[in-house]
Amino acid sequence: MKRLRWQILVVAVTLVIVALLLLSQQPVTTITLPEAAPGGIYTEALIGSMGRLNPMLDWNNSADRDVNRLIFSGLVKFDSRGLPQPDLVESWGVSADGKVYNFSLRQSAVWHDGQPVTSDDVIFTIEAIKSSGSLFPQDIKDLWTQIEIKRLDDKTFQFTLPEPFSPFLDYVTFGILPKHLLENIPADQLPNAEFNLKPVGTGPYKFDRLLTSGGQITGVVLTVNQEYFLGPAFVEQVVFRYFPNSATALDAYRQGEVMGVSQLTQDVLDAALQEPGLSVYTSRLPQMGMIFLNLNNPAVAFLQDANLRRALMLGVNRTVIVSHILKGQAIIADSPILPGSWAYYDEIEKFPYDPEAATQILNKEGYVFTAGSTVRSKDGQPLAFTLVHPDDAIHTQIAAAIQADWALIGVQLNLQPVSYDALVNNHLATRSYEAALGDLNTSRTPDPDPYLFWHQAEATGGQNYSQWDNRTASEFLETGRTAADFNERARLYKNFQVVFAKELPSLPLYYPVYSYGVDAQVQGVQVAPMYDVSDRLALINEWYLVTRRALEEQPETAPTTAP
């Protein structure tokens, strides 16, 4: 028996050795995998014209902001969820009371001319923002006037706020200017400085040259910044060419003159989708279409009834508005906080089109039809009011659709078209309206703070156009804009959204979307919610046109046959 066990052991060891030898001699297949490599030129058609390539002067020119996004860097940037991320600064800290912010600049950050970025550049830029020469809105200038700025050393500085303000980081995304190139130019002469045509920044791309034709600027050429603090981008050169509208830009794409179109408006979107080589990307804009209801107008006191407002919400067919009038270029809205934001509450109550449920609510509230009337009334008062709306084609169609929807549930809506300026300044701002169709625009403010639009303190003179006076919601908003912890803020804003959905002080309709096109040969393009239209270029460092082959060896698998 002992001899037999030894023989079995020898045979087993021999089989293991043979198997290992066979595996070591198994054929190896070499495959190649494409990966991003530096090189290539990307040319994009920008809708608009060039003004000045200076972040102090681009507030009202989106085409300039697109170019400046690549040339200049801010202290902080925001990701697709609206969370702050380091940009020119490598870190920051906030005091326990939420009033003191300390920032540290990246040691490796240099200007395109090779000079180091310092705290002096930051302080110089803020002084430029506050000056009469900048185009920043007055409220931002006023904010910076109240903040104490202290230089700690070449790479660190401190901001002291008069009171805690959690959305403060929204206000440090401005492009930093080089003091060593601009300090001798008076602030009121900055708009005429030669710098605006030959800018020097710290961003992923450097200004190369302007393209001109017939004495007009037709484009701008940027080259990759090899010294960029996050590493050089893959695409070697980015060329922007200016076009008056999306139609001419799309024609340029068809002619092979450009590889991308910065905006595909509704009139060309269908044609763009038919282009076999063009990838169309769509992203949510920082806007919301809404029916504002004046809750403090005695002429329409019935609008103070939350159940009536719920019936009106259920009686609007928003799906038809989005799919037919807006041609799918919007998302149905349910919350006053933008979807995609870290503060958005996905489980908020939704309001599908349900005219039967709306009718039941109105019946329960005592609104009835009188003989020979198609308009409901209560205590002899007809359920009728006026909707002021912008006189453009889209808003006029939306207003007419709402009018028809509410007529089906016995609500009479009278329409009053006005210019958009008149809507804002003569009706919303003065609170002299009953209902109004308009848009809330929160561009360039990624922080979701909805205080300005819904807090009771903003009902008079502020932007709480509905004059919603809800103490519970206001307390959530007050604490939310002072709390430093994102989890705590998210909880507070979730509670606010729940109250909003219950009360419906105004009726959310849709979030518009933005469409742009990039040729399919451009790889690495990603879509994310936008807080400004230039955000479509936020990840351009990851775009690539050229690939190289990376070798990878894999053992060949022996063919198998079916039993």
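**Charged pairs and rings in a predicted model**

Let me begin with R309, which has a relative accessibility of 2% and therefore counts as buried, where buried means under 20% relative accessible area, exposed over 50% and partly exposed in between, with a 1.4 Å probe and protein chains only. Please keep in mind that this is a predicted model, in which local features need pLDDT of at least 70 and side-chain atom pairs count only at pLDDT 80 or more, while totals for chains, interfaces and linings use all residues. Residues are numbered from 1 along each chain as its sequence is written, and side-chain values use heavy atoms, with hydrogens and water left out.

R309 forms a salt bridge with E503, the closest N and O atoms being 3.6 Å apart; the term stands for a side-chain nitrogen of Lys or Arg within 4 Å of a carboxyl oxygen of Asp or Glu. Because R309 lies in helix α8 (residues 306-314) and E503 in helix α15 (residues 486-503), the pair ties together parts that are 194 residues apart in sequence; helices (H or I, at least four residues) and strands (E, at least two) are DSSP runs, numbered from the N terminus. E503, with a relative accessible area of 22%, is partly exposed.

By the salt-bridge rule, the count comes to 22.

Now to the rings, where the count comes to 28 aromatic pairs. W144 and F159 form an edge-to-face pair, 5.1 Å centre to centre with 75° between the planes; rings of Phe, Tyr and Trp (its six-membered ring) pair if their centres lie within 6.5 Å, and planes under 30 degrees apart count as stacked, over 60 as edge-to-face and the rest as tilted. W144 counts as buried at 0% relative accessibility, and F159 is buried with a relative accessible area of 0%. Both residues belong to a cluster that ring pairs build from W92, Y101, F103, W144, F157, F159, F168 and F174.

Finally, the charged end of R444 sits over the ring of W59, 4.0 Å from its centre, which requires NZ of Lys or CZ of Arg within 6 Å of the ring centre and within 35 degrees of the ring normal.
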